[in-house]
Amino acid sequence: MIGNDLVDLRQAAIESNWKRKGYLSKICTPEEQLLVAEAVQPDKMLWLIWTMKEAACKIVQRKTGIRSYEPLNFCCGSLNIGQTKASGMVSYFKDSFLIRSEVKSTFIHSVAVSAMVDFERLHLHYLKPGTGYKAAFNNSGLLYQLAGTPSGIPELTHQITGRKHAVSISHHGDYLAVIYSDSLLLTD
């Protein structure tokens, strides 16, 4: 399974007052709070941690069918943070997920997988957010049809085999990312 999350940094700066008293302790472990406090750019560090947790959370939600967000149970670790890329692991009780992130000047995008080999099988499409993104994806010449279940969960169907493939969609502000796998099926 795969999950992804992105944060538009300009939109987050407008919408979020993450520095208000008590907020950080609701979403970050003490170790993660220290990373934010010591970061040269604390905003970026917070949103990097946030997207890593959200990407892993989407895998858990897909596996369990339960939509909940319990950020303190998703713990970031083994972080390797560069100027434009980051990687690490997010643990959730007995499960752990590998994370790779892009850190741009305007957005942060994180992808979570269960096994390292899964990263090599992924395809990423950045699209314009809005009601037409599924049509844009479906008209891009791929052999996949992107749709959604009545409950809003994305589905990606191969148009020849009819098989359902792993897919994750994330959008915020001016950005939307669709990530999918040629080889991982929805149930993998």
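Reader: Is F107 buried or exposed, and what about Y175?

Author: F107 is buried, and Y175 is buried too. Buried means under 20% relative accessible area, exposed means over 50%, and partly exposed is in between (1.4 Å probe, protein chains only). For F107 the value is 9%.

Reader: Where do these values come from?

Author: The model is predicted: local features need pLDDT of at least 70, side-chain atom pairs count only at pLDDT 80 or more, and totals for chains, interfaces and linings use all residues. Residues are numbered from 1 along each chain as its sequence is written, and side-chain values use heavy atoms, with hydrogens and water left out.

Reader: OK. How many aromatic pairs are there?

Author: A search of the whole structure gives eight. Rings of Phe, Tyr and Trp (its six-membered ring) pair if their centres lie within 6.5 Å. Planes under 30 degrees apart count as stacked, over 60 as edge-to-face, and the rest as tilted.

Reader: What kind of pair do F107 and Y126 form?

Author: Edge-to-face, with 5.5 Å centre to centre and 65° between the planes. F107 lies in strand β5 (residues 107-113) and Y126 in strand β6, so the pair ties together parts 19 residues apart in sequence. Strands here are DSSP runs (E, at least two residues), numbered from the N terminus. Y126 is partly exposed, at 36% relative accessibility.

Reader: And why is the pair of F107 and Y175 called tilted?

Author: The ring centres of F107 and Y175 are 4.6 Å apart and the planes are at 35°, so the pair counts as tilted. This pair links distant parts of the chain: F107 is in strand β5 and Y175 in strand β10, 68 residues apart.

Reader: Which residues form an aromatic cluster?

Author: W47, W50 and Y69 form one.

Reader: New topic. What is the strand order in the five-strand sheet?

Author: β6-β10-β9-β8-β7, in an open sheet with antiparallel pairing. Two strands pair if DSSP finds at least two bridges between them.

Reader: Which strands stand at the edges?

Author: β6 (122-127) and β7 (144-148). Each has a single partner strand, so one side of each is left without a neighbour in the sheet. From one strand to the next, the twist averages 25°. That angle uses axes, which are lines fitted to C-alpha atoms (for helices over the stretch in contact), and runs from 0 to 180 degrees between N-to-C directions.

Reader: How many bridges join β9 and β10?

Author: Seven, in the antiparallel sense. I169 stands opposite V178 in β10. β9 and β10 also form a hairpin with two residues between them. G173 in the turn has a positive phi of about 55°.

Reader: How many bridges do β6 and β10 have?

Author: Six, again antiparallel. There, L122 stands opposite S181 in β10. Strand β10 (residues 175-185) is mostly covered, with nine of its 11 residues buried.

Reader: Last one. How many disulfides are there?

Author: Zero, from a search of the whole structure. A disulfide is a pair of cysteine sulfur atoms within 2.5 Å.

Reader: How far is the sulfur of C75 from the closest cysteine sulfur?

Author: It is 7.8 Å from the one in C76, also too far for a bond. C75 is partly exposed, at 28%.

Note on methods:
Helices (H or I, at least four residues) and strands (E, at least two) are DSSP runs, numbered from the N terminus.
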